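Thank you all for making the time this morning.

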Amino acid sequence: MPLRVVVVDDEPLARDELCFQLEQLGDVELVAQAGNGLEALSAVDRCLPDLVFLDIQMPGLGGFEVARQLLERHAQPPAVVFVTA
């Protein structure tokens, strides 16, 4: 069973590159992408991924706040890997 992943980054080029790299791995299913914190919360609620690659600094809702809300919203939240340029 592949690892279900959501990638969140407000920089489209960084997000695209990370998605490309993940797709090369094999047992990874990219289930959603998001460009900001609100989109990230929606994607996680909708797709229930195993792992979220989450940018730390984004306009509005930053990565740390998104992670905090995931802990509050989900009995079993996805694992989070923080990414930043």
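Which exposed residues does the face of H3 turned away from its buried side carry? They are Phe-64, Leu-71 and Glu-72, where exposed means over 50% relative accessible area, buried means under 20%, and partly exposed is what lies in between, using a 1.4 Å probe and protein chains only.

Before going further, please keep in mind that this is a predicted model, in which local features need pLDDT of at least 70 and side-chain atom pairs count only at pLDDT 80 or more, while totals for chains, interfaces and linings use all residues. Residues are numbered from 1 along each chain as its sequence is written, and side-chain values use heavy atoms, with hydrogens and water left out.

Helices (H or I, at least four residues) and strands (E, at least two) are DSSP runs numbered from the N terminus, and H3 covers residues 63–73, with Gly-63, Val-66, Ala-67, Gln-69 and Leu-70 buried. These residues lie on the same side of H3 because they cover an arc of only 165° around the axis, the arc being that of the directions from the helix axis to the C-beta atoms. Among the elements covering the buried residues of H3 are helix H2 (37–47), E3 and strand E4 (79–83).

That brings us to the interior. A nonpolar core here is a set of buried Ala, Val, Leu, Ile, Met, Phe, Trp, Tyr and Cys residues joined through side-chain atoms within 4.5 Å, and in the largest one, which has 16 residues, Val-6, Val-8, Val-52, Leu-54 and Val-66 touch the most other members. Strand E1 (3–8), E2, H2, E3 and H3 each supply at least two residues of this core, and the largest share, five residues, comes from H2. If we take Val-6 and leave aside its neighbours within four places in sequence, its contacts (heavy atoms within 4.5 Å) are Val-31, Ala-32, Ala-43, Pro-49, Leu-51, Val-52 and Phe-53.

Let me turn to Ala-32, which sits in strand E2 (residues 28–34) and is buried, with a relative accessible area of 9%. Not counting residues up to four places away in sequence, Ala-32 touches Val-5, Val-6, Val-7, Ala-43, Arg-46 and Cys-47.

What about charged residues in the interior? Asp-9, in the loop between E1 and helix H1 (12–23), is buried yet has no salt bridge, and the nearest side chain of opposite charge, that of Arg-15, is 5.9 Å away. Asp-55, found in strand E3 (residues 51–55), is likewise buried without a salt bridge, with Arg-15 again the nearest side chain of opposite charge, at 8.2 Å. For the cut-offs, a salt bridge is a side-chain nitrogen of Lys or Arg within 4 Å of a carboxyl oxygen of Asp or Glu, with Lys and Arg counted as positive, Asp and Glu as negative, and His and the chain ends not counted. Asp-9 and Asp-55 are in contact with each other, and Asp-55 also contacts Gly-63, among others.

Finally, how many disulfides does a search of the whole structure find? It finds zero, a disulfide being a pair of cysteine sulfur atoms within 2.5 Å.
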